[in-house]
Amino acid sequence: MVAISFTVTAAPLPADAAGAKAKTYANCTEINKKYKGGIARTSKVKNKGGTTKYKPFVSQALYDANKKSDRDKDLIACER
């Protein structure tokens, strides 16, 4: 008789998916240190200001926590 054993391990969830509280940054300088292209609410949003140098990081929770930094209200905070 042969016994077969399987071990299943789950990969850790990203902070966004785990329901952890998103970090609130003081200003765009702080956001751009970590996210050079800013933070977009969804991947479908378009930048009102035209072309940008960097692609924004997409995270609804992170955007919502920092939407005060979205001056042109295009759903991308601190784009550059």
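Tutor: A nonpolar core is a set of buried Ala, Val, Leu, Ile, Met, Phe, Trp, Tyr and Cys residues joined through side-chain atoms within 4.5 Å. Buried means under 20% relative accessible area, exposed over 50%, and partly exposed in between, with a 1.4 Å probe and protein chains only. The model is predicted: local features need pLDDT of at least 70 and side-chain atom pairs count only at pLDDT 80 or more, while totals for chains, interfaces and linings use all residues. Residues are numbered from 1 along each chain as its sequence is written, and side-chain values use heavy atoms, with hydrogens and water left out.

By these criteria, the largest nonpolar core has 9 residues: Ala22, Tyr25, Ile31, Tyr35, Ile39, Leu62, Tyr63, Ala77 and Cys78.

The secondary structure provides the setting. Helices (H or I, at least four residues) and strands (E, at least two) are DSSP runs, numbered from the N terminus. The protein has 2 helices and 3 strands, which follow the pattern α-β-β-α-β along the sequence. Two strands pair if DSSP finds at least two bridges between them. On that basis there is an open sheet of 3 strands in the order 2-1-3, with mixed pairing. Its edge strands, each pairing on one side only, are strand 2 (57-58) and strand 3 (76-77). Strand 1 (residues 39-40) runs parallel to strand 2 and is joined to it by 2 bridges; Ala40 stands opposite Val58 in strand 2.

Two core members, Tyr25 and Tyr35, also form a ring pair. Rings of Phe, Tyr and Trp (its six-membered ring) pair if their centres lie within 6.5 Å; planes under 30 degrees apart count as stacked, over 60 as edge-to-face and the rest as tilted. The structure holds 2 aromatic pairs. In one of them, the ring centres of Tyr25 and Tyr35 are 6.3 Å apart and the planes stand at 90°, so the pair is edge-to-face. Tyr25 lies in the segment before helix 1 and Tyr35 in the loop between helix 1 and strand 1, so the pair ties together parts that are 10 residues apart in sequence. Tyr25 is buried at 8% relative accessible area, and Tyr35 is buried at 14%. Ring pairs link Tyr25, Tyr35 and Phe57 into a cluster.

Contact means heavy atoms within 4.5 Å. Beyond residues up to four places away in sequence, Cys78 touches Cys28, Ile31, Asn32, Gly37, Gly38 and Ser69. Asn32 belongs to helix 1 (residues 28-34) and counts as buried, with 13% relative accessibility. A polar contact is a pair of N or O atoms within 3.5 Å; within protein, one must be able to donate a hydrogen and the other to accept it, and residues adjacent in sequence count only if both atoms are side-chain atoms. The side chain of Asn32 reaches the backbone oxygen of Cys78 at 3.0 Å. Apart from neighbours within four places in sequence, Asn32 is in contact with Gly38, Cys78 and Arg80.

A polar atom of the Ser59 side chain lies 3.2 Å from the backbone nitrogen of Leu62. Ser59 is placed in the loop between strand 2 and helix 2 (60-65) and is buried, with a relative accessible area of 3%.
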